[in-house]
Amino acid sequence: MPTVLIIDDNAAITMALEVLFSLHDIAALRAASPDEGLALLERNAATVDLVIQDMNFSADTTSGEEGVALFRAIRKRHPDLPVILLTAWTHLDAAVDLIKAGAADYLAKPWNDGRLVATVKNLLELGQANRALRQRLQGELRQRRELEQYDLRGIVWQDPATERVLHLACQVARADVPVLVSGPNGTGKERIAEIIQANSPVADGPFVVLNCGALPAELIEAELFGADAGAYTGASKAREGKFEAADGGTLFLDEIGNLPLAGQMKLLRVLETGRFERLGSNRERKVAVRVVSATNADLPAMIRAGTFREDLYYRLNVIELRLPALAARPGDILPLARHFLGTGKALRPDAEAALLAHAWPGNVRELKNVMARARLLSAGPEVGAADLGLPAAAAPAGGPDMEPDRDAISSALARANGIVAQAAAELGLSRQALYRRMERLGIARP
């Protein structure tokens, strides 16, 4: 239950206010003097949400100086605590000065019960919202400071969704277990793998990358495990594979879903024993390699289809890091855009709006290419929406002059799987404009 501290030397007034607030489920503490009020506030600082104070406490005083001194004392000790000033002697100049100094309101006696209760409730709700916001911002700041102790390989981010992935990546980096990084193409899965390597016990070892989707199936095993001379047509001399090259470090297997079944079986054995043979060789080799894999495929569906081994999936998926699509972490869009744009160029507001409204099907990779093109094509020091070359946002259903209704917004959000930036682009709105309409129509944020 919210609590209000009432500081007034008139016991009848404090009693009346206490009864009034009790009818609205608001608790009240009462003090008869500034000193008593300040002492009571110090003892109950954690529970008092608002102060209502008189402006005059001496019978022969109407100047309000005592109230001004009390207000300043409260403001000095508790700068965020809302204070309502209450007096039978209304001085407009004093009221204006104190409102400028941070007073929440200035009411004359006798007060209007309805207005007073409405003001108190609004201030209590605002105070709760501000406290929640401060706690969230403090939490985010604390998490950012925690991340500063890690090597993040220069990654640029601002969105909480990305921050959660980074925290987990740094947390598991020191554990010698396989990690699976999942997410759409172009989201930065390799950068997450680099961060894991950089903060692991084998940070000084090699970081070797193999894209399993970029090689013919018949060559992937040779790439992974190496081959002796004559092992296959064209193998004129022995060559080491990626596992040997990554010995003492990290092997990043991108597009792991493209690994053929025969290669999957051999990879499982290496993960379990650390041993393997080159193609065409009977000599067993042993390595110590941290494996980080990545995929944009639905591996459980591939398991059901018989194209991916279930035992390998669980071996690779000891820890899974899910990297969201760029549209699902809109807080990253503008910081990344400015980073890719580089120095000497700035984004105009229309360009920022266009970037936020775009759905980014190509994710960070697409954004990087868009900004490289914009830097080349923009004539002056500022980049406008036209320089980006992005497709125009679709007009809202029903025509460009029609305001999307609740059903249209809900349907767009459903089609976008809750991604507000994508839904906004479909409706022809900016993200902020869509948020405003959602708030006005009572549509909960995803």
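**Reading strands, rings and helix contacts**

Modeller: Strand β1 (residues 3-7) and strand β3 pair in the parallel sense, over 5 bridges. The model is predicted.

Colleague: Which residue of β3 stands opposite threonine 3?

Modeller: Valine 48 of β3 faces threonine 3.

Colleague: In which sense do β3 and strand β4 (residues 83-87) pair, and over how many bridges?

Modeller: The sense is parallel, and β3 and β4 share 4 bridges. Within this pairing, isoleucine 52 stands opposite isoleucine 84 in β4.

Colleague: Why is β3 described as largely enclosed by the rest of the structure?

Modeller: Burial is judged by relative accessible area, and the cut-off is under 20%. In strand β3 (residues 48-54), 7 of the 7 residues are buried, so the strand is largely enclosed by the rest of the structure.

Colleague: Now the rings. How many aromatic pairs does a search of the whole structure find?

Modeller: The search of the whole structure gives 5 aromatic pairs. A pair of aromatic rings is described by the distance of the centres and the angle of the planes. For phenylalanine 225 and phenylalanine 243 the centres are 5.8 Å apart and the planes are at 5°, so this pair is stacked.

Colleague: Which parts does that phenylalanine pair tie together?

Modeller: Phenylalanine 225 is in helix α8 (residues 217-225) and phenylalanine 243 is in helix α9 (residues 242-245), so the pair ties together parts that are 18 residues apart in sequence. Phenylalanine 225 and phenylalanine 243 are both buried. Ring pairs also link Phe225, Phe243 and Phe276 into a cluster.

Colleague: How do tyrosine 313 and tyrosine 314 pair?

Modeller: Tyrosine 313 and tyrosine 314 are edge-to-face, at 5.3 Å centre to centre and 65° between the planes. Tyrosine 313 is buried, at a relative accessible area of 10%, whereas tyrosine 314 counts as exposed at 52%.

Colleague: How many disulfides does a search of the whole structure find?

Modeller: A disulfide is a covalent bond between the sulfur atoms of two cysteines. The search of the whole structure finds 0 disulfides. As for individual cysteines, cysteine 170 is buried with a relative accessible area of 3%, and cysteine 212 counts as buried at 2%.

Colleague: How do helix α6 (residues 160-172) and helix α7 (residues 189-198) cross?

Modeller: Their axes come within 8 Å and cross at roughly 35°. The crossing of α6 and α7 is right-handed. On the α6 side the contact is made by Val165, Leu166, Ala169 and Cys170, and on the α7 side by Ile192, Ile195 and Ile196.

Colleague: Which residues does arginine 269 touch?

Modeller: Not counting residues up to four places away in sequence, arginine 269 touches Gly274, Arg275, Phe276, Glu277 and Glu284. Arginine 269 is in helix α10 (residues 261-273) and is partly exposed, with a relative accessible area of 34%. Arginine 269 and histidine 167 are 102 residues apart in sequence and 30 Å apart in space, C-alpha to C-alpha.

Notes
Residues numbered from 1 in each chain as written. Predicted model: local features only at pLDDT ≥ 70, side-chain atom pairs only at ≥ 80, totals over all residues. Heavy atoms only, no water. Phe/Tyr/Trp six-rings, centres within 6.5 Å; stacked < 30°, edge-to-face > 60°. Helix = DSSP H or I, 4+ residues; strand = E, 2+ residues; numbered from the N terminus. Buried < 20%, exposed > 50% of the residue type's maximum accessible area, 1.4 Å probe, protein only. Pairing = 2+ DSSP bridges. Disulfide = S-S within 2.5 Å. Axes fitted to C-alpha atoms, helices over the stretch in contact; angles between N-to-C directions. Left-handed = near helix turned anticlockwise from the far one by under 90°. Contact = heavy atoms within 4.5 Å.
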